[in-house]
Structures are given as structure tokens and as C-alpha cells.
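Let's take a walk through this model together, stopping at a few spots along the way.

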Amino acid sequence: MNTLTKFEDLGISQATLKAVLRMGFEEATPIQAETIPLSLANKDVIGQAQTGTGKTAAFGIPLVEKIDIKQEAIQGIIIAPTRELAIQVSEELYKIGAGKRVRVLPIYGGQDIGRQIRSLKKAPHIIVGTPGRILDHINRKTMRLDQIQTVILDEADEMLNMGFIEDIESILAGVPEEGRQTLLFSATMPGPIQRIAEKFMKDPQIVRVKTKEMTVPSIEQYYVEVQEKNKFDVLTRLLDIQSPELAIVFGRTKRRVDELSEALNLRGYTAEGIHGDLSQAKRLSVLRKFKEGNIDVLVATDVAARGLDISGVTHVYNFDIPQDPESYVHRIGRTGRAGKTGVAMTFITPREKPYLFVVEKTTKRKMERMKPPTLDEALEGQQRAVVDKIQQTIESNNLHYYKNAAEELLEANDASTVVAAVLKMLTKEPDTTPVKLTEEAPLPSKKERRPHDRGGDRGGDRRRRDDSRNYNSDRRKKAPVKPRGERKTGGGKPKSKTY
Ligand SMILES: Nc1ncnc2c1ncn2[C@@H]1O[C@H](COP(=O)(O)OP(=O)(O)OP(=O)(O)O)[C@@H](O)[C@H]1O
Ligand SMILES: [Mg+2]
């Protein structure tokens, strides 16, 4: 495969080409080079490529190309698992379609439905939405599907898992089958899910960009063996030593996320949490603050694991090991995007060690072991950060207001004492403010897995069907569900994912 494909060579219009170049894309990434021509040729495609390698534009460019802007009808629909992702994808599609003036509308739960209905009346060409709210509009007859030619499932394996599949089936049932193109993209595509997917598609072309590992090589991956009760101290020490530009800490449950962000703030970090129980306005404002760098640490459930593209995320911490290996791939994929480097740290309690091997087997990549850092190492890390800052300030050479005071200090003391005092003042000494964290039980071993772990706050059926899907403690083992009409009762156990 040619890794240096120019967008000019992919047979796209001048208007779209210009828009793509304006986005700063010079060459197509491998998944784009391989799937754009197939998609333009109206083939159904299952596209699997690593996180952060440009899958959005891989389906976005050909979709925009196919829109007839004179036709005032929805022609393409993209379905994504979370609201934040729907918004992000719609923004990217808007940019790609700017040359052709394609109208793109995000449709997601938690936003005023009246406003959405008004926007739908303005005849958007492309809808990017979450399943629950799309269905809502279909049922209210405020969204028509009869002119849709292209259906795209972003994070396809997640969308075809239990919890979403019935919604997807219902949406697909409203789209004319004749001439429908179906495109599925994800960084992970477990076999059983792919087999479900193929039932929705016509002769799908399966494109897997050939890589040895499922994760991006530019992400350094470590694990730290640590007792549950020591996790928080280890996390803060790592934050002090590694001083990430932006960091995401993933926790297993909503309670965990709330407690962790509170505890981080108590210890002097600027952290906020994001999970499915927060209001939509809060979720968006937290994410915005994180993107703008007003929060250093985003604490999240898996609601933030898939698809989010936030530049500047240098470190991902799995405070709790994820429940399945796919989740690991997506979580750590929030760093090391678009060719950048990143670091992923995964905490493992001794009993959870077997899960580490399951993850490694799936990703085909070994994590390197890192010893939990000591207090001294953390202090050293903080000092180093302060020394770097002082050096930068010296280089900025804007110090004349401070020179007199400096001379005075130096007359009374020797130079190294003065500098040591400044270092001490500026260094954040390891903080031992007590924090409250409820201990999480380790993931159960396969044999003792309980069907409803730690009964959670999943909410009613309506909630679950909406995109505010609860990614929480009781995220059940998601066994693939067969498409409608094929489901049999008692037809043997569905083969579930590895753990
Ligand atoms: N051809 C390109 N050249 C340069 N940058 C690109 C190109 N295509 C996409 N990007 C940028 O790369 C980043 C990652 O792209 P995108 O979010 O589409 O990745 P993804 O493959 O969908 O990842 P994930 O699996 O996490 O959803 C984005 O910031 C995007 O703008
Ligand atoms: Mg994506």
C-alpha cells in the first residue's frame, strides 16, 4: 500500500480538496487512502484502523462528496455512541463540507428538542447523532429517512453491542434498503461483532490497515502493580513526576470519577470529572475547559474513551483497569494521535494481573512494568519542573523589576541558599491531605463474574436507550445480539468477549 497518497489522487472535487487542505491535511492517512476510493465507488466498507489515524475524514470526505447540495433532504446519517463524539464528528464534517456548503446537523440527547426540530426544518444534508435522540425524531416524524443513501456507524463495534443494537436496527429499518451504502469504522472490531455487522451490509469490503499492533506504536505503555489503597498516592506521584500537559484519568464508575476528581482538587490539582450522570451542559463545559487547558486533569468513565480528539493529551492513566481489552485500546488512544507521542499508565491490583495478559494478547503489545514511584522521586520530579520553569523565566529575560531585590538578597546570603529558598517556595511538596476514596472491588475472575456487579444507577429504559448510556459500574458483559429475526431463545450461550 502506498503510504504517501495525496488527496489530489483520490478523485475528489476541487471544493472538497480545498476544504481538506485548509484543515491542514497534506497526505491521506493509510485508512483514508484505502477506504475513500471504495466508498466513492458505493461499496459497503468495514474500516478498522488504529486510534487517531483519521477515520473521521475517511468516511467524512466521500460522504460529503456524494451530497447533492441542491437536494433539500437528509442524504447521509452518521451514528455515534456519545453526544460529545457526535458534536466533534459533526464539526469535522462541517469543515470537510465547507467548500461544497454542505449542511451538517448534530442531533443528540440533553439538548432542547424544540430547537433541534427547528434546525431539522432547515433541511440539513447530513445528520450526526446519537441513537436515542435520532429515534426520538424518527418517532415524532420530525426527521425523514427516505432520501438517505449512506449510513455510517462510527465506533461501529460499540454501536453493535448490546445496549445500542436495537436502536440501530430500528434506525436502519427506516432507511430505504435499495441503494443504501453502509460504512462501519472503529479501531477495534471483535470477530462476533463483525459477523453481526456483515448481516447489515451488502458484500462488505473489509479494510484493516496492516499493523502489527492494535495500539499506536507512538504510545509508550506501562503498567504499575499497586494495591487498591495505594492507587491514589501513586497517581499523584506520577502526575508530579511526569507533569503531563493534559491528562485523562479513567475510573471504572461514576462514583469513582466524582471521588477522584474531588480528591485531586484537595491535593492541589485542577481536575474535573465527566460521566453520564452529569447534565449535558456540564459535560460540555468540562470538556471545553479541558480543551482550553483550564483543567489539567480530566477524570472520566468510558464515556470519554471513544473517538474524542483532544490535542495536548500527553498522558492517559487507567486508575482502574478497563473491563474489556477494546476499552483499553480506545482509552489509551486519547493520546498519541495524528503521529504525536503519548504515555499510557495502567494500574493493576495483584488480583487483576490476569486481565493484563488478556489486554496484551488482544493488543499484541506488551506493557512495560514500572515500579510505583517513591515520595522522594515525586519531590525530585516537582523540583525538576520548577528548575525548568526558572530556566524558562531566565530565558524570557524580563527581570529588571526584580534585580534590586535580588542584589539585596545576595548581599545578605550566599547565592545557593537564596536559590534553594526560591526552589523550596515554588516546589509543590508532596501533599498528604487525606482524601476519601471508596475502594473498588477488583474485577472478578471469569468464574466468579456476577451478572450485575455493584448495582449501579443505570436509570430507566428510556435513559438507557438514550445516548447518556451509563458506562458505569454495572456495565454488563455485553454479549453480541443477533439482528432482529435471527434471535433465537435458548439457542446456546452467545460467545462473549474475552472478559
Ligand atoms: N490526512 C491527515 N493529515 C493530518 N491530520 C489528519 C489527517 N486526517 C485526520 N487528521 C487529524 O488526526 C486526528 C485524528 O483523527 P480522527 O479523530 O479522525 O481519528 P480516528 O481514527 O477516528 O481515531 P479514534 O479511533 O480514536 O476515533 C484529528 O485531529 C484529525 O484532524
Ligand atoms: Mg474516530
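Is Leu105 buried or exposed? Leu105 counts as buried because its relative accessibility is 12%, where buried means under 20% relative accessible area and exposed over 50%, with partly exposed in between (1.4 Å probe, protein chains only). Before going on, please keep in mind that this is a predicted model, in which local features need pLDDT of at least 70, side-chain atom pairs count only at pLDDT 80 or more, and totals for chains, interfaces and linings use all residues. Residues are numbered from 1 along each chain as its sequence is written, and side-chain values use heavy atoms, with hydrogens and water left out.

Leu105 sits in strand S5 (residues 104-107); strands (E, at least two residues) and helices (H or I, at least four) are DSSP runs, numbered from the N terminus. Setting aside neighbours within four places in sequence, Leu105 is in contact (heavy atoms within 4.5 Å) with Ser119, Leu120, Pro124, Ile126, Ile127 and Val128. Of these contacts, take Ile126: 21 residues separate it from Leu105 in sequence, and their C-alpha atoms are 6.3 Å apart.

Next, find Arg256 in helix H11 (residues 254-266). Arg256 also counts as buried, because its relative accessibility is 2%. Not counting residues up to four places away in sequence, Arg256 touches Glu228, Lys231, Gly251, Phe319, Asp320, Thr438, Glu439 and Glu440.

Finally, look at helix H10 (residues 231-242), which packs against helix H15 (residues 375-396) with axes 7 Å apart and an angle of about 35°. Axes here are lines fitted to C-alpha atoms over the stretch in contact, and angles run from 0 to 180 degrees between N-to-C directions. From H10, Arg237, Asp240 and Ile241 make the contact, meeting Leu375, Glu377, Ala378, Gly381 and Gln382 of H15.

Conventions: Chains lettered and ligands numbered in written order.
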